[in-house]
Amino acid sequence: MPDAGGRLMFGPATSPSAPIARKVLAAAAHWHVELQCGSADPAALQAWRDASAEHERAWDLLRRMDGQLGAIPAALAMPALQAAQQRRRAAAKILALLVAAGGGIALGQAGWQSGPWQALTASLRTAPGQRRHVTLADGGRLEMNTASALDVAYSATHRRIRLHRGEIMITTAPDPRPFLVDTPHGVIRALGTRFGIRCDDDDSTVSVFEHAVEVRCAARPEAVHRLETGQQLRFGATGADEVLSTPAHQDSWLRGMLVAADWPLQQLVAELARYRRGRLACDAAVARRPVTGTYRLDDIDAVLESLCASHGLQVTYFTRYWATVSARPA
């Protein structure tokens with residue numbers, strides 16, 4: 001509809017420059033692979049394109065990038081399970097190119113969605129208990145903590161990290177392109193900085209160790225939160241919390257350590273569980289016991305043994321991967 005000045009205004013759903021939803025890009029990548037393999041129904045493809053303007057925009061983006069996508073190997077057309085798996089991997093690679101080309105969320109918008117499939121197919125992953133160092137293409141440094149998954153999408157116009165789950169520490173390198181980190185809960189823009197991000201199921205937390213970042217929460221993308229050195233912000237489906245001071249030893253995981261300062265036992269057990277496969281729980285009867293100490297993260301079972309010996313606790317193993325911390329019988 002026209003605005004007060006008579007100019008035609010487009011809403012988010014109709015703007016030709018609006019970002020294309022990831023699921024639409026994924027469908028376009030799938031259609032491209034199936035078409036190249038000769039297994040696509042042309043009429044069904046045309047029906048999908050005609051279903052919405054966003055579908056047609058995604059297909060147009062794919063056609064404009066055709067020279068970058070490469071040929072689909074003829075072997076992928078074979079009607080076999082292995083070929084089907086290879087086609088899915090080919091479609092995932094094409095999707096990454098489409099997102100990097102501009103199909104993802106733009107700076108100042110939030111709400112990118114991630115799920116189990118994206119985490120499982122992410123280009124960079126760590127297992128529970130594993131940490132990993134990555135040197136980025138621009139010379140920046142990326143540290144990955146336990147059970148993390150992300151994709152790196154650098155282009156001529158921006159540098160982008162898509163964090164599906166887990167925890168990372170980033171030290172950016174000088175570069176004129178904006179540096180952005182997406183989580184399902186919002187977008188973080190680095191302002192020449194060193195900062196950490198933790199992405200859990202319900203929220204994300206960013207902690208600034210040098211310089212500053214800007215955060216746009218998916219729940220309120222119009223609001224910009226600027227964080228300076230020593231500040232921390234948690235944000236999720238209901239918006240952003242109050243800006244707080246970054247807790248001491250927040251980055252101790254980089255040294256393979258976990259530092260607890262008068263934590264409830266339940267909090268400590270929950271943190272230790274991130275570094276161990278399976279389920280590790282805390283019995284409600286001892287959940288509030290205060291605990292202070294420094295714990296090594298390379299052997300969680302040894303930590304649990306030491307914790308139990310010093311605090312009158314026990315660990316009950318139902319299986320190797322299912323354990324509960326509780327009070328030791330009198």
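Me: In which hand does H1 pass H2, left-handed or right-handed?

Reply: The crossing of H1 past H2 is left-handed. Keep in mind that this is a predicted model.

Me: What makes H1 roughly antiparallel to H2?

Reply: The angle does. The axes of H1 (residues 22–37) and H2 (residues 42–50) cross at roughly 160°. Angles over 145 degrees count as roughly antiparallel. Therefore H1 is roughly antiparallel to H2. The two axes come within 11 Å.

Me: Which residues make the contact of H1 with H2?

Reply: On H1 they are Val24, Ala27, Ala28, Trp31 and Leu35. On H2 they are Ala44, Leu45 and Trp48. Contact here means heavy atoms within 4.5 Å.

Me: How many nonpolar residues does the contact of H1 with H2 have?

Reply: It has 8 nonpolar residues, with no polar and no charged ones. Ala, Val, Leu and Trp are among the types that count as nonpolar.

Me: Why is H7 called roughly antiparallel to H8?

Reply: Look at the angle again. The axes of H7 (residues 265–273) and H8 (residues 300–311) cross at roughly 160°. The cut-off is over 145 degrees, so H7 is roughly antiparallel to H8. Their axes come within 11 Å, and H7 passes H8 in a left-handed crossing.

Me: Which residues of H7 and H8 meet?

Reply: Leu265, Leu268 and Leu272 come from H7. Ile300, Val303, Leu304 and Leu307 come from H8. By class, this contact of H7 with H8 has 7 nonpolar, no polar and no charged residues.

Me: How much space lies in the largest pocket?

Reply: About 790 Å³. The pocket is lined by 35 residues. Closest to its centre are Arg198, Gln232, Pro247, Gln250 and Glu271.

Me: What makes a residue part of a lining?

Reply: Lining residues have an atom within 4 Å of a pocket point. In the largest pocket, E13 (257–264) supplies the largest share, 5 residues. Other elements with at least two lining residues each include E7 (186–199), E10 (231–236) and H7.

Me: How do the residues of that lining divide by class?

Reply: The lining of the largest pocket has 16 nonpolar, 9 polar and 10 charged residues.

Methods:
Residues are numbered from 1 along each chain as its sequence is written. This is a predicted model: local features need pLDDT of at least 70, side-chain atom pairs count only at pLDDT 80 or more; totals for chains, interfaces and linings use all residues. Side-chain values use heavy atoms; hydrogens and water are left out. Axes are lines fitted to C-alpha atoms, for helices over the stretch in contact, and angles run from 0 to 180 degrees between N-to-C directions. Helices (H or I, at least four residues) and strands (E, at least two) are DSSP runs, numbered from the N terminus. Angles under 35 degrees count as roughly parallel, over 145 as roughly antiparallel, 65 to 115 as roughly perpendicular and the rest as oblique. A crossing is left-handed if the near helix is turned anticlockwise from the far one by less than a right angle, and right-handed if clockwise. On a 1 Å grid over the protein atoms alone, a cavity is a set of points where a 1.4 Å probe fits but cannot get out, and a pocket is an open set with protein on both sides within 12 Å along at least five of seven lines; lining residues have an atom within 4 Å of a point. Grid points are joined across faces, edges and corners, and a volume is the space filled by probe spheres set on the points.
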